[in-house]
Amino acid sequence: MLSDNWITDELEDLCQALLGLETVEEMALFLRDLCTRTEIEGLSSRWSAAVLLESGLSYREISEQTGTSITTVGRVNEWRRYGAGGYRIALDRLKKAGADNG
């Protein structure tokens, strides 16, 4: 059990469900059933912003490429740099997966 007060039993259940999915297709199908298209687009564009921030693009370039507001890009960058560490874990694993496949 995680200790932060924002982590509820329901969130832990959702995390377990996500961890049980095995493929990108399964995850996409689950997210489509769970979220609205707008929510999926928002999550996807935030993730794209995080990846592009890692590559060194400016907020403006990222905003133009993703359609995400510069304010949102800034928020993503703050959480990427100073948040709970979730972005860092995912970005590092993405980088490692790319190195392993390259």
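The sulfur of Cys35 lies 13 Å from the closest cysteine sulfur, that of Cys15, which is too far for a bond. The structure accordingly holds zero disulfides, a disulfide being a pair of cysteine sulfur atoms within 2.5 Å. Cys35 counts as buried, at 13% relative accessibility, whereas Cys15 is partly exposed, with a relative accessible area of 34%. Here buried means under 20% relative accessible area, exposed over 50%, and partly exposed in between, for a 1.4 Å probe and protein chains only.

The model is predicted; local features require pLDDT of at least 70 and side-chain atom pairs pLDDT 80 or more, while totals for chains, interfaces and linings use all residues. Residues are numbered from 1 along each chain as its sequence is written, and side-chain values use heavy atoms, with hydrogens and water left out.

The largest nonpolar core consists of eight residues: Ala49, Ala50, Leu52, Leu53, Ile62, Val73, Val76 and Leu91. Such a core is a set of buried Ala, Val, Leu, Ile, Met, Phe, Trp, Tyr and Cys residues joined through side-chain atoms within 4.5 Å. Two or more residues of this core come from each of α3 (37-54) and α5 (70-82), and α3 gives the most, with four. Helices (H or I, at least four residues) and strands (E, at least two) are DSSP runs, numbered from the N terminus.

Leu52, a member of this core, is in contact with Leu57, Ile62, Gln65 and Thr66 when neighbours within four places in sequence are left aside; contact means heavy atoms within 4.5 Å. Ser45 is also found in helix α3 and is buried, with a relative accessible area of 16%. Not counting residues up to four places away in sequence, Ser45 touches Thr66 and Thr68.

The largest pocket has a volume of about 1800 Å³. A pocket is an open set of points on a 1 Å grid over the protein atoms alone, where a 1.4 Å probe fits, with protein on both sides within 12 Å along at least five of seven lines; lining residues have an atom within 4 Å of a point. Points are joined across faces, edges and corners, and the volume is the space filled by probe spheres set on them.

The lining of the largest pocket comprises 33 residues, of which Leu18, Met27, Trp47, Gly86 and Ala90 lie nearest its centre. At least two lining residues are supplied by each of α1 (9-20), α2 (24-34), α3 and α6 (86-101), and α6 gives the most, with six. By class, the lining has 24 nonpolar, five polar and four charged residues. Ala, Val, Leu, Ile, Met, Phe, Trp, Tyr, Cys and Pro count as nonpolar, Asp, Glu, Lys and Arg as charged, and the others, Gly among them, as polar.
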